[in-house]
Amino acid sequence: MSFSKCTLLIKFIFQIIFLLVFASFFSACAHQQDAEPSPSKDTDKENVPPAQPEDTWKLPIEIPEGEFYKVGGWYSDHQILYITNLEQTSSVYLYNLLTGSSELLYKSEVPIVTLQTSPSKKNILIQSSPSTYEGQVTILSLEGSEILKQAIPSYELAFEWNPFNESQILISTFNEDWTFQMLLLDIEQRETTELTLPQPFVKWLGNEEVAYLNWNDDGPSLFAPLMMKSLRAETGEEIFTDVLQFAAFNDILMTVTVKDDEQLQATYTFYDEDKRIVNSFSIPHLSMFSGWLVPYNDLNVSKGEFLTLKPVKSAEADAYREGFELVSYDINNGKQNVILNGLKNEPILLSPSGKFALYGNRFEKVIDLETEELRELIEK
């Protein structure tokens with residue numbers, strides 16, 4: 001039973017007991033009832049009701065001020081964070097899909113580039129851009145108060161939040177020529193440490209372990225060995241060969257490979273924390289000049305459901321016009337289900353329960369995966 005349902009049940013039982021006591025001790029309880037405080041705003045945020053059917057959602061969003069920029073992510077199953085721009089300032093709002101209300105959480109005097117919530121949704125990372133060659137990283141509490149703010153010289157930044165220790169964030173800083181430097185930001189210690197890693201795009205595999213594709217710098221290649229490395233070690237360990245792409249979802253590792261006898265299919269394989277195969281499946285893939293296109297995807301770890309966009313046939317990406325199917329795949333039993341057809345290959349992001357998904361280049365749409373309905377968050 002979820003925390004929200006337990007809370008409602010406890011409240012219901014409390015009300016019954018209260019009515020019995022009220023009937024017997026009317027005069028003694030009257031003053032106590034009058035003095036009972038109303039729930040605080042913070043308590044109301046934490047004790048959120050369970051997800052509701054999407055036909056009860058209040059859409060489209062009415063923007064309080066400025067112009068809609070993009071949705072940053074899920075706050076809960078019925079709350080999202082979105083960014084607006086007004087001249088050179090940006091604002092972050094918390095929108096309640098059930099009530100239709102927008103609450104201002106944070107305002108930046110410089111443009112916000114992107115926003116991420118921590119894996120447990122306890123903190124918010126904001127990347128803003130004071131200038132072309134400087135990025136600013138701000139960590140917020142759920143209430144919108146600043147925990148940490150740091151300026152980082154860079155042309156571009158990439159972040160990887162540690163799901164095993166949320167006080168740590170890996171930051172890849174890129175120069176204009178795409179040379180890079182790796183930093184480890186520790187929120188609790190309020191310090192940044194330089195790291196030595198051979199590749200800029202890494203994923204956490206454990207509290208101090210990361211994985212990366214070890215591309216050959218001497219020449220172009222379609223595949224690379226997948227390496228695992230402790231942040232304390234000088235060298236990494238090869239765990240798989242000839243990997244096209246990979247992702248890590250807490251204890252689940254996913255690789256995308258191409259078998260020699262099935263060149264027109266991409267194979268998605270899921271491994272547990274001991275690198276044992278949980279399940280795998282294959283889909284058609286699209287070829288590009290520099291390799292193959294891996295469509296956008298996401299995984300709900302608790303449900304074991306993988307969501308991906310799937311081309312209906314193998315072809316060259318530039319000539320492909322048939323659209324993509326949105327498909328869910330149960331990594332435990334191998335069951336597949338087509339949810340929607342005719343979609344574009346655009347980013348998707350599952351809600352905490354896995355019942356809904358944000359979709360679109362600005363996450364401007366939301367999909368109810370149970371009713372298989374797609375709705376616009378912003379009026380066109």
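Modeller: Let us take asparagine 279, which counts as buried because its relative accessibility is 18%, and buried means under 20%. Please keep in mind throughout that this is a predicted model.

Asparagine 279 belongs to strand S20, which covers residues 277-284. Its side chain has two polar partners to consider. One is the side chain of tyrosine 329, with which the side chain of asparagine 279 makes a polar contact at 3.2 Å. The other is a backbone atom: the side chain of asparagine 279 reaches the backbone oxygen of isoleucine 331, also at 3.2 Å. When neighbours within four places in sequence are left aside, the residues in contact with asparagine 279 include Tyr268, Thr269 and Phe270, and also Tyr329, Asp330, Ile331, Asn332, Asn333 and Gly334.

The loop that leads from strand S19 (265-271) to S20 holds lysine 275. The phi of lysine 275 is near 65 degrees, a positive value in a residue other than glycine. Most residues other than glycine have a negative phi. Lysine 275 counts as partly exposed because its relative accessibility is 29%.

Strand S26, residues 324-330, contains glutamate 325. Glutamate 325 is buried and yet has no salt bridge; lysine 310, the nearest side chain of opposite charge, is 4.2 Å away.

For contrast, consider glutamate 87, in the loop between strand S2 (79-86) and strand S3 (89-96). Glutamate 87 counts as exposed because its relative accessibility is 77%. Its phi is near 55 degrees, a positive value in a residue other than glycine.

Finally, we turn to the chain as a whole. Its secondary structure comes to three helices and 31 strands. The chain has 380 residues, of which 46% count as buried. Among contacts with a separation of 6 or more, 38% are between residues 24 or more positions apart. The accessible surface comes to about 20,200 Å², and 49% of this belongs to carbon and sulfur atoms.

Terms used
Residues numbered from 1 in each chain as written. Predicted model: local features only at pLDDT ≥ 70, side-chain atom pairs only at ≥ 80, totals over all residues. Heavy atoms only, no water. Helix = DSSP H or I, 4+ residues; strand = E, 2+ residues; numbered from the N terminus. Buried < 20%, exposed > 50% of the residue type's maximum accessible area, 1.4 Å probe, protein only. Lys, Arg positive; Asp, Glu negative; His and termini not counted. Salt bridge = Lys/Arg side-chain N within 4 Å of Asp/Glu carboxyl O. Polar contact = N/O pair within 3.5 Å; in protein donor to acceptor, adjacent residues only side chain to side chain. Contact = heavy atoms within 4.5 Å. Areas by Shrake-Rupley, 256 points an atom, 1.4 Å probe, with all protein chains shown as cover.
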